[in-house]
Amino acid sequence: MAANRYVAYYRVSTARQGRSGLGLDAQREAVERRMSEGRSDVVAEYVEVESGRNSDRPQLAAALATCRIHRATLVIAKLDRLARNVAFVSNLLEAGVEFEACDFPQANRLTIHILAAVAEHEARMISDRTKAALSAARARGTKLGGFRGRPATNEDRAKGRLSQSDRADARATDLRPILTSLRCRGIISPSAVAVALNLEQVPAPRGGEWSAVQVQRLQARITSLQNDGRH
């Protein structure tokens with residue numbers, strides 16, 4: 001029976017914490033303890049040194065890309081450190097990646113959807129209070145600029161979700177560095193690339209092992225993206 005694959009993502013708030021291991025060691029210990037409970041392999045780990053208020057998380061983006069490549073589950077130590085962050089929730093929803101928290105194993109994509117709904121509700125309440133305050137200010141004769149902001153709706157999110165073609169483009173983008181690395185090692189032919197991807201246990205588009213034909217399609221898609229200037 002094949003082991004379940006995981007990509008570990010850790011976050012510390014300061015560079016000092018990152019260097020000292022303060023907080024990071026505890027997170028790693030929690031993940032290692034969870035992995036020891038069953039047949040589980042951590043194929044990669046990423047450490048983000050960011051404030052919880054910072055929505056720019058390049059290591060999270062890299063971790064999600066690795067999850068897509070290996071059909072792995074993203075694992076974090078504590079749900080409350082990350083899942084309440086709106087940027088983290090949005091990234092998870094859009095990435096199509098399964099998720100697990102060591103301190104809350106029952107959490108899944110449904111939990112994340114609920115958290116996103118709560119965040120949206122809170123944003124709508126803030127918006128409503130802001131509009132009410134602006135109306136009251138106008139009634140008092142205060143001159144104000146236009147109010148254009150509004151929280152994202154479910155319809156907005158639906159429109160923003162990737163189509164099947166877009167998902168294939170995103171996966172090709174994720175896999176391109178691997179193909180580039182293989183080419184640098186002299187592994188160029190589709191059949192040789194397929195063997196290398198299978199040895200690296202990178203799942204094929206529909207699961208299972210790669211064939212030369214699938215590699216040719218992947219290479220063609222990457223070339224098309226480059227020609228279109230989308231990569």
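**Helix packing, sheet and loops**

The buried residues of H9 pack against H8 and H10. This is a predicted model, in which local features need pLDDT of at least 70 and side-chain atom pairs count only at pLDDT 80 or more, while totals for chains, interfaces and linings use all residues. Residues are numbered from 1 along each chain as its sequence is written, and side-chain values use heavy atoms, with hydrogens and water left out. Helices (H or I, at least four residues) and strands (E, at least two) are DSSP runs, numbered from the N terminus.

In H9, the buried residues are Pro190, Val193, Ala194, Ala196, Leu197 and Asn198. Buried stands for under 20% relative accessible area, exposed for over 50%, and partly exposed for what lies in between (1.4 Å probe, protein chains only). Contact, here and below, means heavy atoms within 4.5 Å.

Helix H10 covers residues 212-227, 16 residues in total, and spans 22 Å from its first C-alpha to its last, close to the 22 Å expected at 1.5 Å a residue. The expected span is 1.5 Å times one less than the number of residues. Gln214, Val215, Leu218, Ile222 and Leu225 of H10 are buried. They lie on the same side of H10 because they cover an arc of only 100° around the axis; the arc is that of the directions from the helix axis to the C-beta atoms. The face turned away from this buried side carries the exposed residues Arg217 and Asn227. The cover over the buried residues of H10 includes helix H8 (164-184) and helix H9 (190-199).

The axes of H8 and H10 come within 9 Å and cross at roughly 100°. H8 is therefore roughly perpendicular to H10, a label for angles of 65 to 115 degrees; under 35 counts as roughly parallel, over 145 as roughly antiparallel and the rest as oblique. Axes are lines fitted to C-alpha atoms, for helices over the stretch in contact, and angles run from 0 to 180 degrees between N-to-C directions. Residues making this contact include Ala168, Ala172 and Leu179 of H8 and Leu218, Ile222 and Leu225 of H10.

Now the sheet. 4 strands form an open sheet in the order S2-S1-S3-S4, with parallel pairing. Two strands pair if DSSP finds at least two bridges between them. Strand S2 (40-49) and strand S4 (99-101) are the edge strands, each pairing on one side only. Neighbouring strands of this sheet are turned by 25° against each other on average, direction ignored. Strand S3 (residues 73-76) pairs with S4 in the parallel sense over 3 bridges, and Ile76 stands opposite Ala101 in S4. Helix H2 (residues 24-35) lies across strand S1 (4-12), S2, S3 and S4, running at about 165° to S1. Helix H3 (residues 58-70) lies across S1, S2 and S3, at about 160° to S2.

Which residues does His70 touch, leaving aside its neighbours within four places in sequence? His70 is in contact with Arg5, Val43, Glu200, Gln201, Val202 and Pro203. His70 lies in helix H3 and counts as buried because its relative accessibility is 16%. Gln201, one of these contacts, is found in the loop between H9 and H10 and has a positive phi of about 60° although it is not a glycine. Arg71 likewise is not a glycine, yet has a positive phi of about 50°. Arg71 is found in the loop between H3 and S3 and, at 40% relative accessibility, counts as partly exposed.
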